[in-house]
Each structure stands twice: as structure tokens, then as C-alpha cells.
Amino acid sequence: SPLPTPAGPAAALGPSAAVLQVHRLRDFRATPASGSNGRARWQQSMGSLELRLLLRGSPWEGTSPDEFQVRLCEQGLRVANLQRPEASDAFLKECLCGDFPREVLVGSSWWTLEADVERREHMLVVHLTKAKDGSWPVPFREGPLVEARELSSDWTALRPGGVAHSRGPGLEEADLGLQASELFEELVESQTEDFVTLRLLLKQNGLEQARRSVPMSRLWGLDLTEDNLRVFLRSRGGVTLLSGRFGGRVQPAQTEWGMVKVTREVSGGVCETRPALEVQLRKATDYRHAWDPLLVRDAQGIEVPAVGAAADNSPERKLPLDAPLGELDVDADSSRFPELEGQEARTPTEHAMELKARGDDCFKRRQWDAAIELYGRALGFTPDAEAVLSNRSAALAEAGQYQAALDDALRAAEVAPQWPKAYFRQGVALRALRRYDMAISVFSEGLARDPKNPSWKREIEDTEAKKAVRQAARGRRR
């Protein structure tokens with residue numbers, strides 16, 4: 001079944017507007033898609049998780065939103081009903097209080113109390129926006145609750161409200177500053193008897209620009225009918241990337257989509273890896289045969305060539321892990337990198353090494369944007385190169401793009417979980433985002449991996465001092 005999408009009036013695409021409803025996808029599927037936590041049910045996508053608890057019977061008769069206290073920090077949720085303590089302990093503490101396995105964005109999360117007057121029951125809904133796209137195994141970690149003051153010093157009491165009461169402008173009002181041609185490079189089509197697969201190959205630099213504004217799960221929109229498709233950016237103006245009519249009919253509700261990496265040969269045996277948005281559609285029962293054409297694009301989408309499916313081979317990755325704390329990660333044989341410029345490098349790694357060396361040079365000249373672009377191009381050849389991810393994180397932080405810097409640092413830690421530098425980059429970005437508790441936590445992880453380096457204790461002390469200043473300022477405002 002498809003991921004839940006915002007409710008709204010039925011819409012349609014193309015000439016068949018009078019009869020065909022649109023199936024809307026606005027986020028990527030996560031695994032597991034749903035489950036239960038006590039009496040509460042939960043469902044998730046890559047970008048969010050929603051908890052729903054049904055309140056009915058005499059303990060909850062006549063309840064209202066102003067009775068509830070919903071407190072949230074990046075690491076945990078605490079829900080209570082101040083007027084009904086017995087019901088609160090029996091229902092809410094068991095189902096809606098816990099410590100998260102990963103972080104959430106407090107300012108983008110919300111809760112609401114939905115009333116069903118006829119059935120005399122209520123649905124308490126808590127919607128959590130994940131700080132980083134991904135699947136959570138469960139909403140809360142196992143074990144006893146950590147004391148709130150020990151878990152975080154930065155709790156927020158959320159006011160009731162729903163999507164209509166979102167904080168700040170919605171994503172559809174954001175201006176990404178991108179044209180379709182700056183993001184979408186070409187379309188790769190393939191089909192079997194049962195499925196159609198469309199891969200929109202993307203330009204790395206354009207995708208990085210978009211990621212600085214929004215996570216991937218909140219960037220794309222896909223509207224489908226049985227015979228039409230439209231892929232667009234969820235931003236101001238809804239820039240269309242691909243629009244057209246199928247050569248047959250599909251079953252929209254069985255569509256799967258998400259971000260993938262495509263590796264293909266570019267020239268002379270050299271391969272490059274590109275990000276792609278992949279859409280897999282199941283053909284309708286009466287249309288399970290070869291379609292020719294597979295998709296007839298219309299004028300709404302950018303004109304791009306359609307090509308055969310690319311190979312899916314992973315390029316070699318070999319970059320060192322021993323750079324000093326806080327400095328750029330420079331490869332041992334970097335003195336020969338400039339010699340590669342203007343020559344045809346023989347492997348993806350050599351292409352990446354040259355681009356990284358040029359990025360390092362721009363970084364040293366404080367040319368942050370140029371360094372970010374060159375590191376991004378290097379990652380196009382070696383996407384899992386932790387040293388390049390680390391250096392781009394440093395450049396992004398210098399440019400004030402702290403969330404993007406954190407994303408790169410987190411990815412570096414996924415690739416090389418024992419490498420202390422990845423935790424240093426995370427801590428720097430988190431501190432700049434004023435997420436002091438998490439910054440102290442990751443600096444402590446770095447210290448555990450590199451206990452002889454005195455820099456870790458200085459970073460922790462500096463972060464604790466900044467946290468104290470912020471707490472004092474908030475205390476004066478109260």
C-alpha cells in the first residue's frame with residue numbers, strides 16, 4: 001500500500017481529468033512501514049514518523065487539547081494529561097513517552113487531537129519530523145525512560161496544531177533556486193513483462209544545492225494516474241522534471257520509488273556514479289506485455305534523452321583515515337595529484353583524487369563554494385570516500401551550511417564508523433546548529449576512539465560553555 005499522503009480533493013492529470021483520480025506520493029517508503037507501541041499505532045516514511053492513540057470511554061469523555069502537555073526534545077517525547085493523571089499514567093505514559101533511536105526536528109514536529117463527535121472518541125496524533133532521512137526499527141528505544149533533565153536540557157512544550165498550523169512557510173512555498181535543467185540530466189527507461197522502471201539521472205551539483213535546503217524525502221513529488229505520470233520538485237512553482245503518458249496502463253497504488261546510485265561507463269573504461277530518482281511501476285493486468293513506446297513525454301517536462309539501463313557496479317574506494325583532528329584530510333601521495341590535471345585518469349579513484357586535491361587547494365584559499373563543488377564532483381566518482389565527505393563537511397561548515405555539513409559528517413561515520421574525524425565533523429556542525437547536547441555526545445564518542453588527543457576535551461569544554469551561555473540567555477528572556 002502507498003505511504004499516507006496529505007488529504008485533499010481528488011485531482012486528475014491529462015485529458016482523462018474527468019474520470020481518473022491522482023495517486024500522490026510525497027515521501028519515500030521506510031521499513032517497517034508501521035507497527036504498534038502499546039495501544040498506540042505508528043507509521044513512518046523516510047522523513048517522518050506518526051503516532052496515533054485512540055482515546056475513548058469514560059476516562060476520556062469530554063477531553064480537550066488544553067488538558068494535554070506534549071514536550072519534545074531532539075532525543076525524546078513526553079506526553080501527559082494534566083487533568084486526568086490516572087488515565088494519563090495508564091494510557092499516555094506507556095504509549096507516547098519514550099527516547100528516540102535517532103534525532104527529530106523539534107520545530108517541524110506537531111501534535112493534534114482529532115474529535116469524532118458521533119462516536120464520542122478522540123484520536124491523539126503526534127507527528128515527528130526526522131532530523132535525517134532513514135528507517136527507524138521502532139519509535140522508542142527499549143528500556144526504562146531516561147530522566148528528562150538527563151536526556152536533554154532543551155525541551156519544548158508543543159502547542160496543539162496540525163499541518164495547517166505548520167511552523168514557518170511550507171516546503172511548497174520554498175524557492176530552491178533551481179531550474180529543471182540544472183538537476184535532471186537524462187532518463188533511463190526499462191521494462192519487464194510486469195514492471196516499468198524509470199530512472200531520472202541527476203546532476204550531482206544541482207542535487208547538492210537542493211539538499212542544502214531540504215532533505216531528499218521532502219524534495220520530490222510524484223503524481224500518477226493509470227496512464228499518466230508527473231515528477232516535480234515540491235517547491236515554489238512546482239518545477240516539473242518529467243511528465244507524460246504511458247504506452248499502457250499501470251497500477252498506481254503499487255508504485256515504489258526512492259533514491260538510488262547508478263554507476264555507468266563514461267569513456268575509456270572510466271566509470272562514474274550518479275544519483276538517480278528511481279520509480280518502479282507495476283503494469284495493469286491487461287497491459288503486461290512490451291510497450292512501445294514506454295513513455296510519451298509532453299511539453300511540461302524538460303527534454304532529456306532516454307537511454308538503456310545503466311550497469312550497477314561499485315567503483316573502488318581507497319582513501320586514508322589518518323588525518324589530524326580538525327585539519328583537511330590529505331592523501332599520502334597528494335603531491336602527484338596536480339600532474340593528473342589535463343590528463344585522462346585511468347580509474348574513478350584517480351579522477352576523484354585529482355578533484356579532491358583541487359578542492360583542498362580551494363579550501364586553503366578560503367574559496368568555500370569552489371571547494372564544495374569540487375568535492376561534490378569527486379564524490380560522483382567515489383561516493384563512499386570518507387575523506388572527501390569529511391573535507392566537504394568542513395567546507396560546508398565554513399560556508400555556514402551547517403545542516404549539509406552534518407549530513408556529510410554522518411555519512412562519513414556510516415562509511416568509517418571507527419574513524420574519529422567523522423565525529424569531530426559531526427560535533428562542529430551540531431554545535432553550530434546549537435544542538436549542544438548531541439555535540440557533546442559525539443565529541444565524547446570521538447574521545448573514546450582517540451583518547452590520547454587532548455583536542456576532544458577542549459571541544460567538549462567549549463561546547464558546554466556555549467550551552468551555558470544559551471541557557472542563561474533563555475533564563476533572562478523568561
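Arg249 is partly exposed, with 33% relative accessible area (buried is under 20%, exposed over 50% and partly exposed in between, using a 1.4 Å probe and protein chains only). Arg249 sits in the loop between S15 and strand S16 (256-267), and its C-alpha is 9.8 Å from that of Trp291, 42 residues away along the chain. Helices (H or I, at least four residues) and strands (E, at least two) are DSSP runs numbered from the N terminus.

This is a predicted model, where local features need pLDDT of at least 70 and side-chain atom pairs count only at pLDDT 80 or more, while totals for chains, interfaces and linings use all residues. Residues are numbered from 1 along each chain as its sequence is written, and side-chain values use heavy atoms, with hydrogens and water left out.

**Aromatic pairs**

- There are 11 aromatic pairs in the structure; rings of Phe, Tyr and Trp (its six-membered ring) pair if their centres lie within 6.5 Å, and planes under 30 degrees apart count as stacked, over 60 as edge-to-face and the rest as tilted.
- Take Phe100 and Trp136: their ring centres are 5.8 Å apart and the planes meet at 45°, so this pair counts as tilted.
- Phe100 is in the loop between strand S7 (98-99) and strand S8 (104-116), and Trp136 in the loop between strand S9 (121-130) and helix H2 (148-151), so the pair ties together parts 36 residues apart in sequence.
- Both Phe100 and Trp136 are buried.
- Phe246 and Trp291 make a tilted pair as well, at 6.3 Å centre to centre with 50° between the planes.
- That pair also links distant parts of the chain, with Phe246 in strand S15 (residues 240-246) and Trp291 in the loop between strand S17 (270-282) and strand S18 (295-297), 45 residues apart.
- Phe246 and Trp291 are both buried.
- Trp60, Phe68, Phe91 and Trp111 are joined into a cluster by ring pairs.

**Arginines over rings**

- Arg39 lies over the face of Phe91, 4.5 Å from the ring centre (the test is NZ of Lys or CZ of Arg within 6 Å of the ring centre and within 35 degrees of the ring normal).
- Arg230 does likewise with Phe232, at 4.2 Å from the ring centre.

- Most residues other than glycine have a negative phi, and most peptide bonds are trans.
- Thr31 and Pro32 are joined by a cis peptide bond with omega about 0°, and Pro32 belongs to strand S2 (residues 29-37).
- Asp292 to Pro293 is cis too, with omega near 5°; Pro293 is in the loop between S17 and S18.
- Arg366 isn't a glycine, yet has a positive phi of about 65°; it lies in the loop between helix H4 (348-364) and helix H5 (368-381) and is exposed, at 58% relative accessible area.
- Arg434, not a glycine either, has a positive phi of about 65°; it is in the loop between H8 and H9 and counts as exposed at 52% relative accessibility.

- On a 1 Å grid over the protein atoms alone, a pocket is an open set of points with protein on both sides within 12 Å along at least five of seven lines, a cavity is a set where a 1.4 Å probe fits but cannot get out, and lining residues have an atom within 4 Å of a point.
- H9 has 14 residues and reaches 20 Å from first C-alpha to last, close to the 20 Å expected at 1.5 Å a residue (1.5 Å times one less than the number of residues).
- The buried residues of H9 are Tyr436, Met438, Ala439, Ile440, Val442, Phe443 and Gly446.

**Cavities**

- Glu208, Arg211, Arg212, Leu396, Ala404 and Asp408 line the second largest cavity, with helix H3 (204-211) and H7 giving two or more residues each.
- That cavity lining divides into two nonpolar, no polar and four charged residues.

Key:
Ala, Val, Leu, Ile, Met, Phe, Trp, Tyr, Cys and Pro count as nonpolar, Asp, Glu, Lys and Arg as charged, and the others, Gly among them, as polar.
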